[in-house]
Amino acid sequence: MKVLVVGSGGREHAMAWKLAQSPKVQQVYVAPGNGGTGKDKNLVNVPITDAVALREWALDHGIGLTLVGPEAPLAGGIVDDFRAHGLRIFGPTKAAAQLESSKAFSKAFMHRHGIPTAAFETFTDAAMAHAYVERLGAPIVVKADGLAAGKGVVVAMTLAQAHEAIDFMLLDNTLGVAHNAGGARVVIEEFLQGEEASFMVLCDGKNVAALATSQDHKRLLDGDEGPNTGGMGAYSPAPVVTAEVHARAMREVILPTIRGMDKDGINYTGFLYAGLMIDPLGRIKTLEFNCRMGDPETQPILMRLKSDFLDVLLAATAQGLDTFELEWDRRVALGVVMAAANYPLPPRTGDAITGLPKDQDDAMVFHAGTAEQAGQIVSAGGRVLCVTALADSVKQAQQKAYQTASSIAFDGFQMRRDIGFRAIKT
């Protein structure tokens, strides 16, 4: 079978790498791909980003399965379009993808269907938003309504930060938010205490299969300091997701979401990612939904997946997940992001990357924001690489990942030195 992966980030590199391991796959294409997928002899980059042109290319090239990585094409309706032309594709429809593409839709959905989440209000008027923040005080969370590549959330520890975030999102749009119909909106919600975890499942429209648990590190700097980013590293499994928390997440969040979508007339297929806040008593609230696998969580999760990824996806596109048992490597996988200078603000690009090691069974460098120029791999985005390693413990996986990253260099790169620290302390 010929398979197409849509996207250009580290998540898509990991997906394509895993699909290429299946003996049933003839060729994996990545559209548009990046410098790393371009250099991989098992992958072929396709320089197309327009969804209609990509659909025509898929029809012309006999693509048997398409897997969509990032949120923007899902929000744009690529799944609806491919299906309308008889192509097999895994992902949510445009209507279902609103769970991610609109924070206002998502919060109203959770409220309507009794899914635990933080108290919130939605605003289009900056003056009213400022007044609300003044009344509630800090810490408080300000979220852009539209897609913002993982950077549309500000956890404001002071009133000044909250007011600045409101102006960024409603007036200046410094974060480059893709506004939804009706213009700029912000969701302002209560600050929740606890530990975050990423809870991801596959949905086939009827059945649900949970992926391995993981924990992302959103803040730019060590010790969870600095601004929010799209993610500076992740590891799997996440000890904070105990068996009890796992059961609670399925019972209180995942299954009510799938059933709620169905009640609202939307059949949910694709990955569903619930960002959870877990308090010291194991109670959970939903921070957000994503309608795709997380990045950088995908990289360590797929390093641990022992099942044939193609078989998983074929079952998920044929309402067959109820008969599918996912198999996982018992080891820990940990990924460290190397980001460009200035990230999470508009990054510097074009810096030559040196010292990239060869792929290993227990260590992979997944490319995200990279490109090839005159035979040289250069930085081409905010998060440039995700160095991911497998080992018997979180500490050993951390050591292996940082050891692998130590040979890599490019001007101005940023990298946290403490990925996995919560699991190592406990």
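Modeller: Helices (H or I, at least four residues) and strands (E, at least two) are DSSP runs, numbered from the N terminus. The model is predicted, so local features need pLDDT of at least 70 and side-chain atom pairs count only at pLDDT 80 or more, while totals for chains, interfaces and linings use all residues. Residues are numbered from 1 along each chain as its sequence is written, and side-chain values use heavy atoms, with hydrogens and water left out.

Most peptide bonds are trans, and most residues other than glycine have a negative phi. Against that background, consider the peptide bonds. Pro-32 is placed in strand β2 (residues 27-32).

The phi angles come next. Gln-319, found in the loop between α12 (309-316) and β18, is not a glycine, yet its phi is positive, about 50°. With a relative accessible area of 43%, Gln-319 is partly exposed; that term covers values between buried (under 20% relative accessible area) and exposed (over 50%), using a 1.4 Å probe and protein chains only. Ala-374 is likewise not a glycine and has a positive phi of about 50°. Its place is the loop between β20 (370-373) and β21 (376-379), and at 90% relative accessibility Ala-374 counts as exposed.
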